[in-house]
Amino acid sequence: MKDSMIRGADIVVRSIIAENADIIFGYPGGAIMPVYDALYDYHDQVRHVLTRHEQGAIHAAQGYARVSGKVGVCIATSGPGATNLITGLADAQIDSTPLVCITGQVAAHLLGTDAFQETDVVGISMPGTKWNIQVRRVEDIAPAIAKGFYIARSGRPGPVLIDITKNAQVDFGEWNYVPCMGFRSYKTHIPVDVSLIQQAAELINNAERPYLLFGQGVVLGKAETELKFFLDKSGIPAACTLLGSGAISQDHPNYVGKLGMHGNYAPNLLTNQCDVLIAVGMRFDDRVTGDLKRYAKQAKVIHLELDKAEVNKNVKAEVAVIGDCKESLAMLTEAIHQKKHDSWMGKFRDLEQEERAAVMQYDITPTKVGLTMGEVIHQINQYKADDAVLVTDVGQHQMIAWRYFNYKKSRTQVTSGGLGTMGFALPAALGAQLHDYSRQVICVVGDGGIQMTIQELGTIMQTKAPVKIVLLNNNFLGMVRQWQQMFFDRRYSFTELDNPDFVKIAEAYNIRAQKVTERTDLKEAIEDMLIHDGPFFLEVVVEKEDNVFPMIATGCSVEEVRLS
Amino acid sequence: MKRYTIFVITENFIGILNRITIIFTRRGINIDALTASESRIPGIHRVTIEVTVNEDTVIQLVNQIEKIIDVIKAFYHEDEGVVYQEIALYKIPVSKLDGGLEKIIRQHNAKIIAAEPDFVVLELTGHKEQTQELLEILKGYGLLEFARSGRVAVAKRMLTIESFIK
């Protein structure tokens, strides 16, 4: 045997290190034990974080990837370990988050025999991965991992799963790592068609009421500066999707708010009044468009998008510019005239005042006794750092936190957008925090969602990740309750929760905790939390039956956005 | 709704067919017929899928198929854009052979490709309408078994696989 021969398990770990991963989230088990044995030898080169559940591991890897722009890495064993990753894979797939997940698998000779902890993970994970593969021979490990990292991070990013049989992990193979630089069936760079840029520029130059929508594609394509330059020159009002938030600062003069079911009033309403609609790195999700038959029918649509399959999927584009928006935006900025759209912009500002009077004022400075979710976020804004990361779960608190959080920097928004995964926030916040201990990571979560992954308080305890957890507790599955109130005759079917003493739970994990029930204590509690050196758990008891508005009800048009 | 032929040029990667069919099943679209085989270039496979949908849908299907990492290229054609054939085999009991059947075989340009003590196997190559017509007739001859392939097709458009893999 040659000296350069090492175990497959060592190849796995060395390959991950070769891809510049500095942290792995994972959970050991039988079929992945050789890799865990190898990790023992490389702990000075790559950090492994033991979560309390594989779902926690993958959400943590997602949180890490979203704030860092790097590929998140997680490891699990075969069978139940691997199936526990599925929710995270589906979440990362729909939200375009780059991940490489490595699962152990039973030895190759046992495949298909229903061996202990054998599951067809490649089969199960196929619809929820950008790419997946089963590796059965030691010599195939390094090429698979190299290809996996390349696929995860290039083009439209996404999750990759690599299933490695136990025999491949224990066999010896040559260590010779060759990073993947591309292959023939996968084109990552699509050159922008200049003639389409000219057509788009002409539409924009002749438009009277142009309107720009931006999504996460701007963040993933690192096109934040290009977007800012485009807006500076064009004078066009711009609104963001849930995942696009932060791509430009909310202080930008062209920024007019947020789109979608619980977005802002003006951005939704005026979608049906613009004459040219420019969509950048967004996919016209149904939560953004409402009823497609009545969505922006009056407008000529320009769609800048990397993924060809997203073009004309939901909304037909007059001009579809396929390619990297970092390039296409820069080219478009060159081709357009410098302009201002003051009266059109004024419409947004007028409607913003309406929303302020009808909704925001009540949310932020309530007059009734009970605390609102909105005032909690408003107070957080007073003390947070500009680059503070907001991690949210799914439900009312998510929509309220998104509406009121003051986004100033890119990659400060981490939430489960497309899949709507309750239980996402706590582990994702952990992952976001472990990328950078010095950055403020604020995890806003509801009393329903936190109980889906509350075990990760254990990981926060063990890693001492200084996550600031803000539990907005209304003792309800609030969003479902809101729908029951509005659309199901207030029949509150199985949405009220008898909750545990959350502060005691946090304290049992050695996490400093506080409960706020009175408005007078809120400000100080948030200040204390944000200056505390270490993890902090703040429970705020809020109004039981508050609703999130504005709202575009299911099946309604964007112009039917309601303020109450 | 219209009948389309989708061509998929793909790497020979385990599970690729599964990834392709998932795109149809998640939308509740039935695949009318599917054939897969190695192309004239070793290592590159060609999948031919027949599907009845509207044009917007077939465009989305093709875009999503092409998005699969190991798929090199996917495109679609209407029936007029392809030259296609299907093969059908019919198993008939020997006891039913008579002069009438001989005439039918001649009229349809079918062939007897196997003769066993108990049965013969007829083969007919053509479009589905033709193989279906013969099927209906042979039902009156105690047809024992019938099998029909999916469509194999080549495009009329002058494009080569090489132009996609360079």
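I take helices (H or I, at least four residues) and strands (E, at least two) as DSSP runs, numbered from the N terminus.

**Entry 1: ground rules**

I am reading a predicted model, where local features need pLDDT of at least 70, side-chain atom pairs count only at pLDDT 80 or more, and totals for chains, interfaces and linings use all residues. Residues are numbered from 1 along each chain as its sequence is written, and chains are lettered from A and ligands numbered from 1 in the order in which they are written.

**Entry 2: chain B overall**

I started with chain B. I counted 5 helices and 9 strands there. Along the sequence I read the pattern β-α-β-β-α-β-β-α-β-β-α-β-β-α. The C-alpha trace of chain B spans about 55 × 35 × 30 Å along its principal axes.

Next I looked up burial. I call a residue buried if 20 or more other C-beta atoms lie within 10 Å of its own, exposed if 12 or fewer, and partly exposed in between, with C-beta atoms placed from the backbone. Of the 166 residues in chain B, 26% are buried.

Then I looked up contacts, meaning two residues whose C-beta atoms, placed from the backbone, lie within 7 Å. I took those in chain B between residues at least 6 apart in sequence, and 75% of them join residues at least 24 apart.

**Entry 3: a helix pair in chain B**

In chain B, the axes of helix 1 (residues 16-25) and helix 2 (residues 55-67) come within 10 Å and cross at roughly 150°. That makes helix 1 of chain B roughly antiparallel to helix 2 of chain B. My cut-offs are under 35 degrees for roughly parallel, over 145 for roughly antiparallel, 65 to 115 for roughly perpendicular, and oblique for the rest. Helix 1 of chain B gives I20(B), I23(B) and F24(B) to the contact, and helix 2 of chain B gives L61(B), Q64(B) and I65(B).

**Entry 4: first sheet of chain A**

I moved to chain A. Two strands pair if DSSP finds at least two bridges between them. I found an open sheet of 6 strands with parallel pairing, in the order 11-10-9-12-13-14. Strand 11 (255-258) and strand 14 (319-322) of chain A are its edges, and each pairs on one side only. The twist averages 20° from one strand to the next.

Strand 13 (residues 300-305) of chain A runs parallel to strand 14 of chain A, joined by 4 bridges. L304(A) has V321(A) of strand 14 as its bridge partner. Helix 9 (residues 194-205) of chain A lies across strands 9, 12, 13 and 14 of chain A, at about 135° to strand 14.

I found another open sheet of 6 strands in chain A, ordered 16-15-17-18-20-19 with parallel pairing. Strand 16 (413-415) and strand 19 (512-516) of chain A each have a single partner strand, so one side of each is left without a neighbour in the sheet. Neighbouring strands are turned by 15° against each other on average, direction ignored.

What does strand 15 of chain A pair with over 4 bridges? Its partner there is strand 17 (residues 441-446) of chain A, in the parallel sense. V389(A) has V441(A) of strand 17 as its bridge partner. On strand 16 of chain A, 3 bridges join it in parallel to strand 15 (residues 389-392). L390(A) bridges to Q413(A) there.

I also checked side chains. In a regular strand they alternate between the two faces of the sheet. In strand 15 of chain A, V389(A) and V391(A) point one way, L390(A) and T392(A) the other, and all are buried.

**Entry 5: cores**

I define a nonpolar core as a set of buried Ala, Val, Leu, Ile, Met, Phe, Trp, Tyr and Cys residues joined through C-beta atoms within 7 Å. The largest has 203 residues, and C74(A), V280(A), V391(A), C443(A) and I6(B) have the most contacts inside it. Helix 7 (residues 141-153) of chain A gives the most to this core, with 8 residues. A second, separate core of 8 residues includes L122(B), L124(B), L134(B) and L138(B).

**Entry 6: helix 5 of chain A**

Which residues of helix 5 (residues 86-94) of chain A are buried? I noted T87(A), G88(A), L89(A), D91(A) and A92(A). They pack against helix 3, strand 5, helix 6 and strand 7 of chain A. Just after helix 5 of chain A, S96(A) takes a positive phi of about 55°.

Note on methods: Axes are lines fitted to C-alpha atoms, for helices over the stretch in contact, and angles run from 0 to 180 degrees between N-to-C directions.
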